[in-house]
Amino acid sequence: MKIIVTGGAGFIGGNFVHLMVNKYPEDQIICLDALTYAGNMETLEPVMNKPNFKFVKGDIADRELVFHLFKEEKPDVIVNFAAESHVDRSITDPGIFLKTNILGTGVLLDACKEFGIQRYHQVSTDEVYGDLPLDRPDLFFTEETPLHTSSPYSASKASADLLVLAYHRTFQIPVTISRCSNNYGPYHFPEKLIPLIIANALNDKPLPVYGKGENVRDWLYVEDHCLAIDLIIRKGKVGEVYNIGGHNEKTNLEVVKTVIHELGKSEDLIEYVTDRPGHDMRYAIDPAKIHRELGWLPETKFEDGIKKTIQWYLDHKHWWESIISGEYQNYYEKQYGNR
Ligand code: NAD
Ligand code: TDX
């Protein structure tokens with residue numbers, strides 16, 4: 001099988017590429033990535049010399065490039081991770097989210113229509129369902145929950161999902177969609193909560209908590225997400241959406257305190273800052289369908305996953321220190337300077 005993985009130089013895509021290259025030496029894995037600020041060739045370093053791996057630099061919204069790649073490579077499967085993925089950036093600069101997340105998805109689907117494909121898989125998010133109230137712990141997102149987005153990021157992801165389903169119905173493109181909750185683990189870009197808190201705590205810098213830190217996220221270890229996608233592209237039913245999550249709900253404050261305690265730092269580092277506009281209160285996935293139909297269950301508990309993640313950041317300082325010493329400084333100042 002020949003699989004194009006878009007966005008494979010990013011956090012989840014990178015973990016997925018590592019998994020696929022090592023688990024299926026008989027398959028060919030091609031990573032297509034534009035190497036935006038979030039893409040990092042160092043993430044792909046462990047697979048660069050593998051005979052079943054190839055890297056192509058390019059933008060999924062570049063029709064000519066994508067069509068050329070499909071014509072040359074004749075892929076069997078596309079797994080689309082490529083996206084602008086940070087909610088805060090979508091609030092300050094939404095335009096690129098529309099281009100990559102919606103138009104880019106459209107170009108990939110057009111290429112599938114033109115050249116044929118065995119499976120197009122769209123990596124989506126639980127954020128397309130909006131949020132749940134804190135005082136209703138009995139409620140969870142199912143695949144039937146209506147789309148109801150809050151940020152330009154989530155709106156762009158929901159738009160892409162609708163496009164994917166439309167291409168399935170109108171042009172019979174064999175698609176699947178997965179909607180996963182918050183991931184954490186190795187290679188997570190340090191603008192997102194967990195790696196940002198780890199990096200700041202290690203540098204004894206303030207730990208910015210939005211609002212009161214009461215918002216709840218449903219954390220999943222990245223490897224469990226990758227294993228779920230692998231199952232869906234091999235055994236999932238065409239035209240279906242699968243929610244992925246592990247019932248690991250935590251408030252942001254709980255997460256921040258866990259990291260502080262694991263690193264032996266002081267809670268005095270916590271700094272409550274102005275809330276994110278439109279901040280979603282709670283995400284919580286009901287993963288019953290993927291468990292029932294494909295037998296998927298998460299393997300890593302939060303308590304173990306967070307320890308492994310912290311250890312990874314301690315062992316790979318070079319990876320994240322080179323990120324936070326560059327352009328990231330300007331981003332950080334803009335996001336947190338006057339907050
Ligand atoms: P990320 O920001 O770490 O990585 C995105 C990757 O896509 C980068 O390598 C970047 O260079 C690449 N990219 C961006 N624009 C591109 C373009 N136009 N063409 C080609 N490549 C481009 O993102 P992530 O956290 O790994 O998320 C991956 C996917 O999973 C996204 O679609 C995201 O919506 C989804 N998702 C993420 C989470 C999460 O918790 N991080 C949860 C659920 C779903
Ligand atoms: O400095 C911070 N302080 C803070 O309190 C940051 C960066 C975040 N937060 C809060 C906001 C959220 O409630 O922590 C929570 C997690 O924030 P992010 O890491 O930015 O993730 P989130 O907004 O939940 O979105 C993530 O999960 C769904 C991914 O970035 C998305 O790509 C994915 O679709």
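Before going on, two remarks on the source. This is a predicted model, in which local features need pLDDT of at least 70 and side-chain atom pairs count only at pLDDT 80 or more, while totals for chains, interfaces and linings use all residues. Residues are numbered from 1 along each chain as its sequence is written, chains are lettered from A and ligands numbered from 1 in the order in which they are written, and side-chain values use heavy atoms, with hydrogens and water left out.

Let me stay with ligand 2. Two further side chains make such contacts: an N or O atom of the His-279 side chain is 2.6 Å from an oxygen atom of the ligand, and an N or O atom in the side chain of Asn-252 is 2.8 Å from an oxygen atom of ligand 2. The protein covers 94% of the 650 Å² of accessible area that ligand 2 has on its own, where accessible areas come from the Shrake-Rupley method with a 1.4 Å probe and, for residues, only the protein chains shown count as cover. Around ligand 2 there are 20 residues, with Thr-125, Tyr-153, Arg-276, His-279 and Tyr-336 coming nearest; a residue counts here if one of its heavy atoms lies within 4 Å of the molecule. By class, the shell around ligand 2 has eight nonpolar, seven polar and five charged residues, with Ala, Val, Leu, Ile, Met, Phe, Trp, Tyr, Cys and Pro counted as nonpolar, Asp, Glu, Lys and Arg as charged, and the others, Gly among them, as polar.

Now to ligand 1. Which residues come nearest to ligand 1? Of the 29 around it, they are Asp-33, Asp-59, Ser-85, Tyr-153 and Lys-157. From a side chain, a polar atom of Ser-85 lies 2.7 Å from an oxygen atom of ligand 1. On its own ligand 1 has 830 Å² of accessible area, of which the protein covers 96%. Helix H1 (11–23), strand E5 (119–125) and helix H6 (152–171) are the elements that give two or more residues to this shell, and E5 has the largest share, with three residues. The shell around ligand 1 has 13 nonpolar, twelve polar and four charged residues.

On a 1 Å grid over the protein atoms alone, a cavity is a set of points where a 1.4 Å probe fits but cannot get out, and a pocket is an open set with protein on both sides within 12 Å along at least five of seven lines, lining residues having an atom within 4 Å of a point. Grid points are joined across faces, edges and corners, and a volume is the space filled by probe spheres set on the points. The second largest pocket has a volume of about 370 Å³, and among its 18 lining residues Arg-89, Thr-92, Tyr-331, Lys-334 and Gln-335 lie nearest its centre. Helix H4 (87–92), helix H5 (95–115) and helix H13 (328–336) each give two or more residues to that lining, which by class has six nonpolar, three polar and nine charged residues. The largest cavity has a volume of about 30 Å³, and its lining has seven nonpolar, three polar and no charged residues, including Trp-319 and Ile-323.

Finally, a residue in a loop. Asn-52 sits between helix H2 (41–44) and strand E3 (53–57). Is Asn-52 buried or exposed? Asn-52 is buried, at a relative accessible area of 4%, where buried means under 20%, exposed over 50%, and partly exposed in between, with a 1.4 Å probe and protein chains only. A polar atom of the Asn-52 side chain lies 3.1 Å from the backbone oxygen of Val-21, and the backbone oxygen of Tyr-24 lies 3.4 Å from a polar atom of that side chain.

Note on methods: Helices (H or I, at least four residues) and strands (E, at least two) are DSSP runs, numbered from the N terminus. A polar contact is a pair of N or O atoms within 3.5 Å; within protein, one must be able to donate a hydrogen and the other to accept it, and residues adjacent in sequence count only if both atoms are side-chain atoms.
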